[in-house]
Amino acid sequence: MAVCNGSASEHVTAAKAYLEKGQHDDALQSCKLAIKADKKNYNAYLLTGQTFYQMATYKKSVQAYQAAAKLRPDQAAPHQGMYDVFVAMKSWSHAVTACEAILERIDPKKKRLVIDFRVRLSESLSECGKYETAMEVLVGLLEQAKTATSRHGCLARLVRLAGIQGN
């Protein structure tokens with residue numbers, strides 16, 4: 001059970017521990033205490049979003065991630081959390097928006113992460129029925145692919161999209 005006294009960072013640490021144990025109510029209580037101690041505690045909002053996501057309370061999860069994004073607009077993490085929520089909800093247009101926000105914020109030197117989210121963007125666009133745009137994203141990845149395995153993965157996705165679009 002969350003203890004009322006302590007600093008915001010102590011409450012965040014407790015929330016992480018509770019979340020790892022699957023103790024969602026205690027994690028949320030610790031997050032609330034962290035936010036009460038420091039209304040601008042970015043990590044408390046992230047953990048609140050993650051906890052609500054794990055509880056499948058998606059609207060509250062998105063609200064918490066949006067609060068974190070307002071506190072640190074340059075960070076990708078809140079948008080990554082929202083992306084996961086939108087995929088779980090099958091809200092593909094919102095997933096596209098989240099992917100685009102992530103790609104604007106992640107370090108381009110983190111090539112695997114960039115590729116991963118470009119693939120996710122393509123998949124989300126496909127789910128929205130925006131097949132041509134999804135293919136353009138994959139073609140861009142294919143042009144940048146340096147290994148045969150990467151090229152094969154892009155080609156396989158392109159073939160699948162072409163088959164979907166043809167139906």
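Arg120 forms a salt bridge with Asp116, and the closest N and O atoms of this pair are 3.1 Å apart. The model discussed here is predicted. Both Arg120 and Asp116 belong to helix α7, which covers residues 111-127. They sit four residues apart, about one turn of the helix. An α-helix has 3.6 residues a turn, so residues three or four places apart point the same way. Arg120 is partly exposed because its relative accessibility, 24%, falls between the limits of 20% and 50%. Asp116 is also partly exposed, at 29% relative accessible area.

The structure holds two salt bridges. The other pair is Glu104 with Arg105, where the closest N and O atoms are 3.5 Å apart. Glu104 counts as exposed, with a relative accessibility of 63%. Arg105 counts as partly exposed, at 27%.

**The chain as a whole**

The secondary structure of the protein chain consists of nine helices and zero strands. Read from the N terminus, the order of elements is α-α-α-α-α-α-α-α-α. The chain has 167 residues, and 40% of them count as buried. Among contacts with a separation of 6 or more, 46% are between residues 24 or more positions apart. The protein chain exposes about 9,800 Å², and carbon and sulfur atoms supply 52% of that area.

How many disulfides does the structure hold? The number is zero. Cys31 is buried, with a relative accessible area of 1%. Cys99 is buried as well, at 0% relative accessibility.

**Helix α3**

Helix α3 covers residues 42-54, which makes 13 residues. At 1.5 Å a residue, a helix with this number of residues should span 18 Å.

The buried residues of α3 are Tyr42, Ala44, Tyr45, Leu46, Leu47, Thr48, Gly49, Thr51 and Phe52. What covers these buried residues includes α1 (8-20), α2 (24-37), α4 (58-71) and α5 (77-89).

At the N-terminal end, α3 is capped by Asn41. A side-chain oxygen of Asn41 lies 3.2 Å from the backbone nitrogen of Asn43. At the other end, α3 is followed by Ala56, a residue with a positive phi near 60°.

**Helix α5**

Helix α5 has 13 residues. From its first C-alpha to its last it reaches 19 Å, close to the 18 Å expected at 1.5 Å a residue. In α5 the buried residues are Pro78, His79, Gly81, Met82, Tyr83, Val85 and Phe86. Their cover includes α3, α4, α6 and α7.

Which residues does His79 touch, leaving aside those up to four places away in sequence? His79 lies in helix α5, and the residues it touches are Ala69, Ala98, Ala101, Ile102 and Arg105. Arg105 is also the partner of Glu104 in a salt bridge. His79 counts as buried because its relative accessible area of 11% is under the 20% limit.

**Two residues with positive phi**

Most residues other than glycine have a negative phi. Ala56 has a positive phi of about 60° although it is not a glycine. Ala56 is found in the loop between α3 and α4, and it is partly exposed, with a relative accessible area of 46%.

Lys90 is not a glycine either, and its phi is positive at about 60°. Is Lys90 buried or exposed? Lys90 is exposed, with a relative accessible area of 60%.

**Accessibility of selected residues**

The table collects relative accessible areas for some of the residues named above.

| Residue | Relative accessible area | Class |
|---|---|---|
| Cys31 | 1% | buried |
| Ala56 | 46% | partly exposed |
| His79 | 11% | buried |
| Lys90 | 60% | exposed |
| Cys99 | 0% | buried |
| Glu104 | 63% | exposed |
| Arg105 | 27% | partly exposed |
| Asp116 | 29% | partly exposed |
| Arg120 | 24% | partly exposed |

How values were computed. Residues numbered from 1 in each chain as written. Predicted model: local features only at pLDDT ≥ 70, side-chain atom pairs only at ≥ 80, totals over all residues. Heavy atoms only, no water. Salt bridge = Lys/Arg side-chain N within 4 Å of Asp/Glu carboxyl O. Buried < 20%, exposed > 50% of the residue type's maximum accessible area, 1.4 Å probe, protein only. Contact = heavy atoms within 4.5 Å. Areas by Shrake-Rupley, 256 points an atom, 1.4 Å probe, with all protein chains shown as cover. Disulfide = S-S within 2.5 Å. Expected span 1.5 Å × (residues − 1). Polar contact = N/O pair within 3.5 Å; in protein donor to acceptor, adjacent residues only side chain to side chain.
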